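This report walks through selected features of one structure, moving from annotated regions and domains to helix contacts and then to local backbone details. Please keep the sequence and the model at hand while reading.

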Amino acid sequence: MEDQLKFPDLTDAERKALEELMPDDMSEIITSGLKRRHFLKLITFTGTSLLATHFLGIEQLMARTTAGAPLPPTGVENGVNVAFKVNGSTQKLLVDSRMTLLDALRERLTLTGSKKGCDHGQCGACTVLVDGRRVLSCLTLAATCEDKVVTTIEGLADGHTLHPMQAAFIKHDGFQCGYCTPGQICSAVALMSEAKNGEASYVTRNVRQTGKSVKLSDEEIRERMSGNICRCGAYPNIVDAIREVHGDKAVAQVWQFADGTI
Amino acid sequence: MRPFKFSNAGDPATAITLVSANPGAKFLGGGTNLVDLMKEDVMHPSELVDITRLKHADIEKTATGVSIGGTATNSFTANHELIRKNYPLLSMAILAGASAQIRNMATNGGNLNQRTRCTYFYDVNLPCNKREPGSGCGALKGVNRNHAIFGWSEKCVAVYPSDMAVALAALNAVVHVEGRNNAKRTIQFADYHRLPGDTPEKDNNLKQGELITSIDLPTNDFAERSYYLKIRERSSYAFALVSVAAALSLDGNQIKQVRIALGGVAHKPWRASVAEKWLMGKEATESNFRAAAEAELKNARPLEHNKFKVVMAKKAITRALQGAMQGGVYGLEG
Amino acid sequence: MSETGKPISRIDGHLKVTGKAMYSAEFNQPNMAYAFPVRATIAKGRITSLDDTAIKKEPGVISVVSYKNALKLKPLDMPAQAKAGAAFLGENLPPLQDNTVHYPGQFIAVVVAESYEQARAAAYKLKVHYAAEKAATDLKTELPNSKKPTKLMGEEAQVNGGKTATPLATSAHRVDNTYSTPVEHHHPMEPHATVAVWEGTDKLTLYDATQGVGLTGAIAAYFLGLPQENVRVIAPFVGGGFGSKGLWLHTLLVAMAAKAAGRPVKLALTRQMMQTNVGHRAATIQRVALGTDTAGTLKAIRHHTDTYNNLTEFFEPSGKQSLVLYKAPVREVTYNVAKLNRGTPTFMRAPGETPGTFALECAMDEMAYQLKMDPVAFRIANHTTQDPMKGHDFSSEFLVDCYRIGAEKFGWSARSMEPRQKRNGNYLVGYGMATATYPGGRSAASVKVSMTAKGDVTVMTASIDIGTGTYTVLAQTAADALGVPVNRIQVKIGDSSLPAAPLAGGSQTTASIHPAAMEACALLRKELATLAIADSSSKLHGRKPDEIGYADGKLVLIGDDKKTDSYADIMSRARRVEVEACATTLPVSGAGLTVPSALCTPREIPAEQNSDSKHYAFHSFGAQFAEVWVDEDLGTIRVERFTSVQDVGRIMNEKTARSQIIGGVIFGIGAALMEATEYDKRWGSPVVRTLADYHVPVNLDVPPIDVHFIGKADPHISPIGARGIGEIGITGVAAAIANAVFNATGKRVRDLPLTPDKLV
């Protein structure tokens, strides 16, 4: 059972191939799962054929990993040593003072779930939670993250159990290409706590009325999610997904054929 | 982005000393504009001093009003009970700006020091006197629909982008700054930002090494009647074409006090003092609001592509004052 | 029950919501270096000096590649490229081959360094001097120098020039107006990015954000002088494309940089580069004239377009829909095309129809108003069931149903003919509608299907999922064609080494690859049947192949469902761990952009079901309805609700199909209300440079969008019956909104986008 959990998608032949290619790493892989560095090593052994032909299988296997061991720094100037928590584990990095948190996640920690969409704070694809609040990792210098607690899209699920927001996005098709999705979901998760804290938005009817928790109208959800651009145009579905999580009530899927059949 | 030294100051004095000592140094707040400009190669500080951990992040009552910390975030400020209850205009203005993520990062001090979003300033291959004094103003005879209708000079027609600052201008805020050797001073909000004149490279009157420690909001009786109206090309997450911060207090239906500030029309938040003066003591009616707006906009000097801003600003002033009369309840934007 | 059509959730959804789906820039390689391109700062001229000595000494810099030292590429040669499947470039400009500058922002060098930060910092410092020449930077200024192209994507470009003059002059009612649309940019959320990995000197792998792995591979191989099989392009996930992810210079640039550096190299474009280097929809100035008799019957349609191009023959074909819609005896469609020193225009979501339906469908609204006819009734009165130019019947067409259902669902009857009749507080409320249309394309495709003895099925084709749902719907088709559950099916796409499929463009992926997938599954079942028939211990032993059907993972004797043999049993008795089959389908209309895979079995499909464009015209249709609220004082427009009814053939997955239509409508809302790139005439460079000033719709801009499908299979396009759905959603949207704005305000804005300055 243990083994099956660790290799849910590998055929016997694939597992055998892994063992042949990386005998030294096999015991570690068996105990703690495949890490990105194993994967990279695998690529160097095989070119990219294994990767490509078994793409989804490998990806699903990798889906069990939390964070890669940091890749060694290259070309660092004005190096700054920082230590911060990412998805529960402490990461210590020597970073170029110019490196953004986004690039540190993507290029050094192999947490590529956070996306670079514009690199200037104009799209929201890089949204992560820092100390529980949603921020743009593309405008956050990694050097400023000492002692901070960072949660990325990779840290939202509880093991194999998706965060309710992730599940709702799948149910309501809250994405198409998937590139803005990690940012949208991180943003939506933070929005739930902002609503609980009674925070206001520009479309709040009366900011003078303060309270502990606010129930978000669709217009409120739309305004508060406007910092996350989706070019495929999944916005109505994103609103449905958030409304479902926010309201604890199943939201019906809303399509139908013109003759009324579903 | 060019290489720079990063330091994390433990206390304000150290931060101020570091930045005062190096003309190439800058304070780093939320970084939402500075990091953006560094990536564009528009700004290239040789040193950044992180000030977000300094103890200037509180919002508290004072004898004369409320003080908001220079390093408090925009989100914290907009949602603070003291601000929402007493200065709803400021909450509305902050919430009209940027996105939730950016407001979580941006500091109050940093917000005031935002640079213009003029495309000629941002594109290092085009002329811009603000970025490179003496290179010329690309926008003056270029594409200038987003540019100034008040207070511009031949050297610069850029507009200042902050929403928060428009409300602060209307509220007669006072900026507290601290320089080297504990040199503290206060700057009236109207004197904080500058018109471009011959030195558009200077956005404001802050000196190198001076840190915004707090901003004072004087007590007022506008909480019942204030409104921040913002017109933009999409409904959210965009800079203003024109915005209006309006606040009124009445004696019966007679205007006792009125404050109007405009965003998106000048190199600084534009206090509509002509309109204010016109309205003092008058009845708070739509036709008076309209006449006051007319009077203010008589002095506008639009550029080739932004004549619409004159019409828009008139109507926006009227609408914002109406919004203030209706108790500052959102829903007038369209 | 059939899996096809069911609104199942995306099978790749889990990977996307957990951040595990990998996009091209995320395939980091051991020892990888980073590239950052340098862009030209003039619009036209020559580089007189490019001094890289200083930046070569910058920290971390590995190499600087420019025209001075770049790898020599194969020169442009259209016939040779066409033969190699390498003709379809975003711009015909092999990079860094000489010192000529054709537009501002053109890549003129690339810096490779140890880190991204170092590459970017060094690239900004490269010293370049130019001899600038007078550049063409403005469409109106250049129109006197424009040309009348004869061909438009293989068809006649100028149709019936001058022939509508008389019928228009003698028409009882006439409208004749000029409509203009601005430059629009695609801006998929994932910036273009490539990781290039050389193995030795002649094998190359590109992880590339592309809409066509085969296309990119063929072009890269051609220009780099490599055998096609030595270039492999991989793109398992692509973060949107909308037409911008064909092959542009950076893909070749990074291959050249990786060769120069002797290391794997990554290059990701910045958002600013996406404003200049990966195409855009060109601006158009369109003059549309309509003439009718007193009863409102169209007598003539004239549609003239002024536009421009640069480094390809492509130009925005905004007259397309005016050759398809409505029953008018004479129609004239013409183009003038200037040349500008501006990044090269290219295909962008519904090229042609997006700006073209804005002009035509606003003109239809203007005519309906002049006639005092209801706009829906006016369109129904002039409806055509045949392609008006070719005279063929449409393969399947329910446009009148779209109008009728749309009007009913939307509540169209509450609209008043006269504008300014409905108010809500500060808003004027208006209703508008327009017709949507887009051609139903199909290309050749090959699909391989394999099945293991455990019953796991893999479907393989070099197609791509740019967000369209390719993974999911392929699994549904294979599930039905094999009688196995969707969750036993793995889909492998996005790899040029797989059997050939068309690029994800022109709304043709589903129409093209599903017939091949179905045929491959049939071949696979045939193989299993052959094994069973030959096996004496099978209940199907000795039967004829056509007596054997299938269900629930088993072959079944038709008419006796007790006589079955499961796939697993057949394979295990035959000691087979895997069976596979590969099929190629070729529409009568031709292979399109696909070079069919040689190793797959060509399958015969009766011409009647195989896209025979000599007998049928293949088009999708729809009706778009908008309610807008206009604040006249502030100039702001809010789309309050939207109804879209679409006739796009069979729906493969109701959930992903609806998403594509709402996505199209939102793209249309962007085009209607906010999207535009402006240029400074003096320097030719865009003054709209980033997503801060190129406004695309945000969540608050988007109302509930009510989508309905006719859902009737097209019997003639393929045995599957699905036409494309990715582009039609945007068509007609800007017109529906502009028409609604007229209904609200009485103001006719004929110049997109409808920004507040045009309404105050």
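## Annotated regions

In chain C, residues 18-134 carry the UniProt annotation "domain: Aldehyde oxidase/xanthine dehydrogenase a/b hammerhead", which comes from an unreviewed entry; UniProt positions are given in the numbering used here, feature names are shortened, and annotations may be inferred rather than shown by experiment. This span is 17% helix and 30% strand, and its end C-alpha atoms lie 52 Å apart. Helices (H or I, at least four residues) and strands (E, at least two) are DSSP runs, numbered from the N terminus.

The model is predicted, so that local features need pLDDT of at least 70 and side-chain atom pairs count only at pLDDT 80 or more, while totals for chains, interfaces and linings use all residues. Residues are numbered from 1 along each chain as its sequence is written, chains are lettered from A and ligands numbered from 1 in the order in which they are written, and side-chain values use heavy atoms, with hydrogens and water left out.

For chain B, an unreviewed UniProt entry places "domain: FAD-binding PCMH-type" on residues 1-222. Over residues 1-222 of chain B, 28% is helix and 18% is strand, with 44 Å between the end C-alpha atoms.

## Domains of chains B and C

Domain bounds come from an automatic or database domain assignment. For chain B the assignment gives domain 1 (5-52) and domain 2 (226-325), and the C-alpha centres of these two domains of chain B lie 36 Å apart.

For chain C the assignment gives domain 1 (13-134 + 188-241 + 245-275), domain 2 (145-184 + 280-341 + 349-441 + 615-758) and domain 3 (445-609). The C-alpha centres of domain 1 and domain 2 of chain C are 36 Å apart, and their contact (heavy atoms within 4.5 Å) takes 13 residues from domain 1 of chain C and 15 residues from domain 2 of chain C.

## A helix pair in chain C

Helix α7 (residues 213-224) and helix α8 (residues 249-261) of chain C pack at an angle of about 50°, with their axes 10 Å apart; axes are lines fitted to C-alpha atoms, for helices over the stretch in contact, and angles run from 0 to 180 degrees between N-to-C directions. The two helices α7(C) and α8(C) are therefore oblique to each other, given that angles under 35 degrees count as roughly parallel, over 145 as roughly antiparallel, 65 to 115 as roughly perpendicular and the rest as oblique.

Where these helices meet, C:Thr216, C:Ala220, C:Phe223 and C:Leu224 of α7(C) touch C:Thr251, C:Leu252, C:Ala255 and C:Met256 of α8(C).

Helix α11 (residues 235-247) of chain A and helix α15 (residues 654-673) of chain C cross at roughly 120°, and their axes come within 9 Å. That angle makes α11(A) oblique to α15(C). From α11(A), A:Tyr235, A:Pro236 and A:Asn237 meet C:Arg658, C:Ser659, C:Ile662 and C:Ile666 in α15(C).

## Local backbone details

A cis peptide bond, with omega about -5°, joins C:Leu752 and C:Pro753, and C:Pro753 sits in the segment after α16 (733-745) of chain C.

In chain A, A:Thr110 has a phi near 50°, which is a positive value in a residue other than glycine. A:Thr110 is found in the loop between α7 (101-108) and β3 (127-130) of chain A.
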